[in-house]
Amino acid sequence: MSLHTAAASLVTLAEGSEHGGNHESLNPYLTGGGALFALLLLLWITTRFNRDR
């Protein structure tokens, strides 16, 4: 498979999706807020275990 045929098949695949790929039940603010909370929680846990500094 050459680069040209791979690019052509990817363009065809991208044009076939009509609804953009976003699911109706996914709220971007809730997803981003959850990810931010999880990262802040991991940062807090890491700083609690790193007491030698």
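N27 caps the N-terminal end of helix α2, with a side-chain oxygen 3.2 Å from the backbone nitrogen of Y29. This is a predicted model: local features need pLDDT of at least 70, side-chain atom pairs need 80 or more, and totals for chains, interfaces and linings use all residues. Residues are numbered from 1 along each chain, and side-chain values use heavy atoms, without hydrogens or water.

**Fold**
- The protein has two helices and zero strands (DSSP runs: H or I of at least four residues, E of at least two).
- Helix α2 covers residues 28–49.
- Its 22 residues reach 32 Å from first to last C-alpha, close to the 32 Å expected at 1.5 Å a residue (1.5 Å times one less than the residue count).

**Annotated segment**
- UniProt, in an unreviewed entry, lists residues 26–45 as "transmembrane region"; such annotations may be inferred rather than shown by experiment.
- That stretch is 90% helix and 0% strand, and its end C-alpha atoms are 28 Å apart.

**Surface**
- Of the 53 residues, 0% count as buried (under 20% relative accessible area; exposed is over 50%, partly exposed in between; 1.4 Å probe, protein chains only).
- F37 lies in α2 and counts as exposed because its relative accessibility is 59%.
- The protein exposes about 5,400 Å², with carbon and sulfur atoms supplying 67%.

Note on methods:
Polar contact = N/O pair within 3.5 Å; in protein donor to acceptor, adjacent residues only side chain to side chain. Areas by Shrake-Rupley, 256 points an atom, 1.4 Å probe, with all protein chains shown as cover.
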